[in-house]
Amino acid sequence: MAVSLYQIAIDVHDARRQAEFWTRVLDWKVLYEDDEEIVIGAGEHALPGIVFLSVPESKTVKNRLHLDLSPDDQDAEVERILGLGARRVDVGQGEDVTWVVLADPEGNEFCVLRPKKSLVD
């Protein structure tokens, strides 16, 4: 049986705000929207996508799953994403790490890695 990663689902309080933030971070676009969910992606047939699902509760603890971003220039990308509304967060990563931990407007943590070309470097 063949299977592929279709989309990443994220519970959020304000789906529109989250979709706007992440489309700007990833240079993606909104592909589908209704009252309960917004799907974003690089294109209609480019998998995976991200779906933001509206829920009434706010985030209360550290994420058990987070996104890792691999930019061409880590410092420049961190500054750009901070300008879009992210903030730096400390999740216990220490000071001598090669990644930067940020949080999106609702506090969902994600990492901006050093440039990477494969899953094992």
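**Loops, sheets, core and pocket**

Asp27 is exposed, with a relative accessible area of 70% (buried means under 20%, exposed over 50% and partly exposed in between, with a 1.4 Å probe and protein chains only). The model is predicted, so local features need pLDDT of at least 70 and side-chain atom pairs pLDDT 80 or more, whereas totals for chains, interfaces and linings use all residues. Residues are numbered from 1 along each chain as its sequence is written, and side-chain values use heavy atoms, with hydrogens and water left out.

Asp27 belongs to the loop between H1 and E2 (helices, H or I, have at least four residues and strands, E, at least two, as DSSP runs numbered from the N terminus). Its phi is near 55 degrees, a positive value in a residue other than glycine. A further backbone feature is the cis peptide bond from Leu47 to Pro48, with omega near -5 degrees; Pro48 is placed in the loop between E3 and E4.

Within helix H1, Gln18 and Glu20 can be described side by side. Gln18 is buried, its relative accessible area being 0%, and, when residues up to four places away in sequence are not counted, Gln18 touches Val12, Phe52, Asp104, Pro105, Glu106 and Asn108 (contact means heavy atoms within 4.5 Å). Glu20, at 43% relative accessibility, counts as partly exposed, and a C-alpha to C-alpha distance of 10.0 Å separates Glu20 from Ile38, 18 residues apart from it in sequence.

Strand E2 (residues 29–33) pairs with E3 in the antiparallel sense over 4 bridges (pairing needs at least two bridges found by DSSP), and a hairpin of 3 residues joins E2 to E3. In this pair, Val30 stands opposite Ile40 in E3. An open sheet of 4 strands has the order E5-E8-E7-E6, and its pairing is mixed. The edge strands of this sheet, each of which pairs on one side only, are E5 and E6 (87–88). E5 and E8 are paired in the parallel sense over 3 bridges, and Asp68 stands opposite Cys111 in E8.

The largest nonpolar core has 21 residues, and those with the most contacts inside it are Phe21, Trp22, Phe52, Ile81, Leu102 and Phe110 (a core joins buried Ala, Val, Leu, Ile, Met, Phe, Trp, Tyr and Cys through side-chain atoms within 4.5 Å). Two or more residues are given to this core by E1, H1 (15–26), E3 (37–41), E4 (49–54), E5 (67–69), H2 (74–83), E7 (100–103) and E8, and H1 provides the largest share, 5 residues. Leaving aside neighbours within four places in sequence, the contacts of Phe110 include Phe21, Trp22, Leu67, Leu69, Ile81, Val100 and Leu102. A second, separate core of 5 residues includes Val89, Val101, Ala103 and Cys111.

The largest pocket has a volume of about 450 Å³ (a pocket is an open set of points, on a 1 Å grid over the protein atoms alone, where a 1.4 Å probe fits, with protein on both sides within 12 Å along at least five of seven lines; lining residues have an atom within 4 Å of a point). Of the 24 residues that line this pocket, Ile10, Asp11, Lys59, Asn63 and Asn108 are the closest to its centre. The elements that contribute two or more lining residues are strand E1 (7–12) and strand E8 (109–112), and the largest share, 5 residues, comes from E1.

How values were computed. Grid points are joined across faces, edges and corners, and a volume is the space filled by probe spheres set on the points.
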